[in-house]
Amino acid sequence: MPRSAFGGLPAWVPLAASIFLAAPQLLGQQAYVSRYDLFTGYTFLDSPHVGLFENGFHAQFGVRVRRWVSLGVDYSISAGDLTLTPDLLLPALQQQLSAELGALVAAHQIPAGYSLVVPAHSRTQNFAAGPQVASHHWSHVTLFARPSFGAIHELATPHPTDPIATQVSNQLAPSGNKTDWTVFYGFGGGMDLLLSKHIALRTQADLVYDHLFNDLLKDGRFTVRFSVGPCFNFGRNVGK
């Protein structure tokens with residue numbers, strides 16, 4: 001991901017911050033607030049606890065039931081790579097692996113300093129629905145915030161790079177991959193920069209928590225999802 005000169009921050013952070021700080025200067029209530037909006041764009045998911053970074057696609061559809069609140073559905077799909085190490089596993093699995101690796105070291109089948117690492121490829125889908133509140137107090141900027149609740153599905157496919165990692169992968173995922181569903185919860189928000197009556201540039205982010213693969217992994221994880229792309233506003237004007 002590209003980095004900026006601002007202390008190593010991602011390049012999009014200063015841009016988003018500058019737009020946000022400029023928003024109060026864009027005075028004037030919005031004359032047109034659409035009944036419907038549709039967003040499609042690029043997204044990334046970052047789960048640093050498991051070393052997972054994914055790129056993908058994000059789509060949303062909303063219906064504005066009041067000028068300041070919408071109900072909508074949300075879907076994203078992304079893919080990337082993660083790294084599985086023994087310290088991420090449940091304590092019982094860690095003890096089992098430690099005993100197995102210790103026996104291999106004692107038999108001189110692996111060196112004493114062997115470090116187990118299992119790379120894997122992940123594909124993640126997020127499904128959500130719920131309310132979103134928005135402010136239309138500026139003529140060219142809409143700010144919004146929402147709770148983030150939904151379901152997440154992940155398919156992880158190990159790609160071991162040595163015989164020992166292959167043996168461990170076969171124990172943890174005998175079918176060659178591992179899949180799981182669970183719920184997530186958190187919050188999110190962002191802004192629409194209105195380019196015209198019906199088209200806006202949307203930037204948004206969500207911070208959520210989940211515990212996928214709880215039969216293998218000891219901890220849940222926080223994930224940041226950032227998205228950017230066009231938003232299309234249409235339908236009748238929702239009055240005050």
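What follows is a look at the fold, the core, the aromatic contacts and the cavities of this protein. The structure is a predicted model, with local features taken at pLDDT of at least 70, side-chain atom pairs counted only at pLDDT 80 or more, and totals for chains, interfaces and linings using all residues. Numbering starts from 1 along each chain as its sequence is written, and side-chain values use heavy atoms, with hydrogens and water left out.

The protein has 3 helices and 8 strands, where helices (H or I, at least four residues) and strands (E, at least two) are DSSP runs numbered from the N terminus. Going along the sequence, the order is α-β-β-β-α-β-β-α-β-β-β. Of the 240 residues, 41% are buried, meaning under 20% relative accessible area with a 1.4 Å probe and protein chains only. Contacts are heavy atoms within 4.5 Å; among those with a separation of 6 or more, 71% join residues 24 or more positions apart.

The largest nonpolar core holds 27 residues. Such a core is a set of buried Ala, Val, Leu, Ile, Met, Phe, Trp, Tyr and Cys residues joined through side-chain atoms within 4.5 Å. Leu 84, Leu 89, Leu 101, Leu 116 and Leu 217 touch the most other members. Two or more residues come from each of β3 (69–84), α2 (91–106), β4 (118–138), β5 (141–158) and α3 (163–172). Beyond its neighbours within four places in sequence, Leu 101 contacts Ile 110, Tyr 114, Leu 116 and Ile 164.

On the aromatic side, the whole structure gives 9 pairs, a pair being Phe, Tyr or Trp rings (six-membered ring for Trp) with centres within 6.5 Å. Tyr 42, Phe 44, Phe 53 and Phe 226 make up one cluster. Charges also sit over rings, which takes NZ of Lys or CZ of Arg within 6 Å of the ring centre and within 35 degrees of the ring normal. Lys 197 lies over the face of Tyr 32 at 4.7 Å from the ring centre, and Arg 202 over that of Phe 144 at 5.0 Å.

Elements giving two or more lining residues are β1 (34–47), β2 (52–66), β3, β4, β5, β7 (199–210) and β8 (221–237); β4 gives the most, with 6.

Conventions:
Buried means under 20% relative accessible area, exposed over 50%, partly exposed in between (1.4 Å probe, protein chains only). Rings of Phe, Tyr and Trp (its six-membered ring) pair if their centres lie within 6.5 Å; planes under 30 degrees apart count as stacked, over 60 as edge-to-face and the rest as tilted.
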